[in-house]
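My notes follow in the order in which I took them.

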Amino acid sequence: APELNRQPAARQAAADADAWLAGRARVQTADELVDRMLRRSLLDLRLLISDLDGQPYLAAGVPWYATLFGRDSLITANQVLAFDAGLAAGTLRLLAAHQGRRNDPRHDEQPGRILHELRLGELAHIDRTPLARYYGTADATALFLILLARHADWTGDLGLFQELRGPVEAALTWLDEHGDLDGDGLIEYRRQAEGGLDNQGWKDSWDGVVDERGRPLEPPIALVEVQGYAIRAREDIARLYERLGETERAAALRTAATRARGSLERFWLPDSATYAMGLDRDKRPSRALASNMGHLLWAGAVDRVRARAIRDRLMSDALHSGWGIRTLGADEVAYNPVGYHTGSVWPHDTAIIAAGLRDYGFDVEFLALCEGLLDAAAGFPQYRLPELFAGFSREDYEAPVPYPVACRPQAWAAGAIPYLLTAALGLQPNALERTLRIRRPLLPRHLDSLTLRDLQVGDARVDLRFERVHPGERAVAVTAATVRGDLDVSVDLSG
């Protein structure tokens, strides 16, 4: 009898999944494999949607991180804004409710700091571990502000920003005061909680941030990507304040962002034309080549000359495996292709870097990374990108080599392909102005056409069809656009 009941249950599960997908923007391509990859990605995210205090959020991953993580939930919500802006709103409200209120070294809590992780259960209830309610993250506070601004870009609604004004100001104060441990204009971290994290960026393993001799940096540590996030956060929030007519507050934030850009110069290594991944307690830069600097492109934190230098280093054989960007260069002393943060490839890291390359107009390199991750997904069971995979070169292996204990599904890995497709299509919403700009649309080589239906920008919905102009060439045209609601859609093929 149990065997007989499985088929109806499976059919019902498939119908429920289809109904959930139908309530979001839908992508259909001419390639069944890509369609399956995208479907798998979105349904993995559906599996990870959780609820706390009546707000939806994305748990970080199964089996190790099935709970709220500030950084992971914020990045993933940003990746899928085109498909579900409600996840961003729920995540922001939830993290604002749990924002740091006091100085509590036992949990690395500080006023205004956004939570790193929240654990539920017996150990959490009796507070036997600092990780039950832990704030040791250097980047989630800036990412919180960035997501809030991006949510407004997609929804055209400043109500959430106004609702969270208190948490926004507390987060900005944390960037200026508590996050800068020594008053030098950089955000640093140093663990205080016993049992807390030694490293508090996204590469948070004990050996995730090393110098050229392979030794972990001594804290307090300033990470290069964190400075980039803080620059973007201030500039993004300045736009929202300006929209409300608060021009003085906006100007102050832009001035702070300009100062932070000046401080970023301390990471530049002129002899190798690259940015250090971090500075140690003596402000000595690590000279180990790593992926961290690629996030400066996503943050829009550097000029075009420096952006080209970053591009060249990222796409070198040392960092680019053919499937994606290695966390640490293959020529480094600490390099290990199956090290958690010391040579493996993380899909979300590669996707963030690819989106940054796209913003600076490096479309060839963007496509190389986008296509590499699509090819990698095709090599994993169920077309599911894992949390990370080994950094072995594509020239040496016909398929990506799995990392044995990677989370599957994992939120920001599942968000990588939806995010890359959004970036490829060049979607630039400004729902506050009721506009959608489509900038230099691209399609990966797997596709000659793509149809996007029910994309929501503000109160409007739009259907779009993209087609390659000539087979084998990069140029893509928008061949049909149907708008329901008040939205001005423009296409910029040169932008």
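**Entry 1: D84.** I find a polar contact between the side chains of D84 and R24 at 3.0 Å; a polar contact is a pair of N or O atoms within 3.5 Å, where within protein one must be able to donate a hydrogen and the other to accept it, and residues adjacent in sequence count only if both atoms are side-chain atoms. The D84 side chain also reaches the backbone nitrogen of L87, at 3.4 Å. D84 lies in the loop between α3 (70–79) and α4 (85–97); helices (H or I, at least four residues) and strands (E, at least two) are DSSP runs, numbered from the N terminus. Is D84 buried or exposed? I note it as buried, because its relative accessibility is 16% and the limits are under 20% relative accessible area for buried, over 50% for exposed and partly exposed in between (1.4 Å probe, protein chains only).

**Entry 2: provenance.** The model is predicted, so local features need pLDDT of at least 70 and side-chain atom pairs count only at pLDDT 80 or more, while totals for chains, interfaces and linings use all residues. Residues are numbered from 1 along each chain as its sequence is written, and side-chain values use heavy atoms, with hydrogens and water left out.

**Entry 3: L21.** I place L21 in helix α1 (residues 2–22). L21 is buried, with a relative accessible area of 14%. Not counting residues up to four places away in sequence, L21 touches R26, R39, L42 and L43, where contact means heavy atoms within 4.5 Å. I also checked V62, which is 41 residues from L21 along the chain; their C-alpha atoms are separated by 21 Å.

**Entry 4: α12.** Which residues of helix α12 (residues 304–314) are buried? I list R306, A307, A309, I310, R311 and L314. These buried residues pack against β8 (268–269), β9 (274–275), α11 (295–298), α13 (347–359) and α14 (363–378). At the N-terminal end of α12 the cap is D303, with a side-chain oxygen 3.2 Å from the backbone nitrogen of V305.

**Entry 5: α8 and α9.** The axes of helix α8 (residues 165–178) and helix α9 (residues 224–243) come within 11 Å and cross at roughly 145°; axes are lines fitted to C-alpha atoms, for helices over the stretch in contact, and angles run from 0 to 180 degrees between N-to-C directions. On the α8 side I find R165, V168, E169, L172, L175 and D176, which meet A230, R234, I237 and Y241 in α9.

**Entry 6: the sheet.** I looked up an open sheet of 3 strands, with order β11-β12-β16 and mixed pairing; two strands pair if DSSP finds at least two bridges between them. β11 and β16 stand at the edges, each with a single partner strand, so one side of each has no neighbour in the sheet. Neighbouring strands are turned by 20° against each other on average, direction ignored. β11 (residues 427–430) and β12 (residues 435–439) are antiparallel over 4 bridges, and L427 has I438 as its bridge partner in β12. The two strands form a hairpin with 4 residues between them, and R434 in the turn has a positive phi of about 55°. β12 and β16 (residues 488–492) run parallel, joined by 5 bridges; there R439 is partnered by D492 in β16.
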